[in-house]
Amino acid sequence: MANVSIPLPRHALSIRYSSTKLPSFKTSPSILRVSSSGVGELDESGNKGGLFNFNGIKGVACGILAACAVSSAAFPVIAAGQVTQRLPPLSTDPNRCERAFVGNTIGQANGVYDKPLDLRLCDFTNEKTNLKGKSLSAALMSDAKFDGADMSEVVMSKAYAVGASFKGVDFSNAVLDRVNFGKADLQGAVFKNTVLSGSTFDDAKLEGVDFEDTIIGYVDLQKLCVNKTINDETRALLGCR
């Protein structure tokens, strides 16, 4: 596995709920925090004037960004934004869906695994207990159903969730960096205080999604704003032009 050191940005910002456009900067920050409490550049400790505190999430996000490059040999299958994706055949393990309740025991942010976590076509509708806080890094989730599930505090780095359904899912305090949510149904999902850096939402359904206190990349936010299913209130919160 290749290790690459990446310089981290010194500044991040929070976007005020009433903002109607993205703030202007001489140099665009790499990481933004969506918040209804105000706009402010962070100092090196992650605060400005007591505006907010990352409470550990900022450290997680920075660690993820520092580890975002891995070798294709270690992670041959998928990554958000990858043009060509080669997925393995559907697992024949009769207990493959139940493996989500255990999660990955290795890998974490880099999505490295000894055995793929294949949750494709699984149904976790209204699962309120067994997914919370699990590590689902690099999980294959396409066409799975998670509607109404509690997925707070999960780690889903580099998960492939194209076409999956997450209607009303609680992703509060989760780490969802570099997830491919293409064509996923996320109506009413909650991303409160969630890390979304590097994740993509091409053609996803985002009506009624709560992005309060979300941590997201500046470029990723611009791409997110292209999605036409985001309602006016949420667009104002995100600062979409």
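Predicted model: local features only at pLDDT ≥ 70, side-chain atom pairs only at ≥ 80, totals over all residues.
Residues are numbered from 1 along each chain as its sequence is written, and side-chain values use heavy atoms, with hydrogens and water left out.

The partner of K192 is D213, and their side chains meet in a salt bridge at 3.6 Å, N to O. Both D213 and K192 sit in the loop between α1 and β3, yet they are 21 residues apart, and the pair links distant parts of the chain. D213 is buried, with a relative accessible area of 17%.

A salt bridge here is a side-chain nitrogen of Lys or Arg within 4 Å of a carboxyl oxygen of Asp or Glu. By that rule the count comes to four salt bridges. Side chains of opposite charge can pair when their charged atoms come close.

R96, D118 and R120 are linked in a network of salt bridges. R96 meets D118 at 3.9 Å, N to O. R96 and D118 both lie in the loop between α1 (57–66) and β3 (215–217), so the pair ties together parts that are 22 residues apart in sequence. Those element names come from DSSP runs numbered from the N terminus: helices are H or I with at least four residues, strands are E with at least two. D118 also forms a salt bridge with R120, with the closest N and O atoms 2.7 Å apart.

How buried is this trio? R96 counts as buried at 11% relative accessibility, D118 is buried at 3%, and R120 counts as buried at 8%.

## Two nonpolar cores

A nonpolar core means a set of buried Ala, Val, Leu, Ile, Met, Phe, Trp, Tyr and Cys residues joined through side-chain atoms within 4.5 Å. The largest one has 46 residues, and those with the most contacts inside it are F146, M151, M156, F166, F171 and L186. The elements giving two or more residues to this core are β2 (31–34), α2 (218–224) and α3 (232–238). The largest share, three residues, comes from α2.

There's also a second, separate core of five residues, including I31, V155, V195 and I215. Back to M156: leaving out residues up to four places away in sequence, M156 touches a set of residues that includes L136, M141, M151, F171 and F181, where contact means heavy atoms within 4.5 Å.

## Phenylalanine rings

The structure holds 11 aromatic pairs. Rings of Phe, Tyr and Trp (its six-membered ring) pair if their centres lie within 6.5 Å; planes under 30 degrees apart count as stacked, over 60 as edge-to-face, and the rest as tilted. F191 and F201 have ring centres 6.3 Å apart and planes at 80°, so the pair is edge-to-face. F191 and F201 are 10 residues apart, both in the loop between α1 and β3. F191 is buried at 0% relative accessible area, while F201 counts as buried at 8%.

F191 also pairs with F211, this time stacked: 5.5 Å centre to centre, with 15° between the planes. F191 and F211 lie 20 residues apart in the loop between α1 and β3. F211 is buried too, as is F191.

Technical notes:
Buried < 20%, exposed > 50% of the residue type's maximum accessible area, 1.4 Å probe, protein only.
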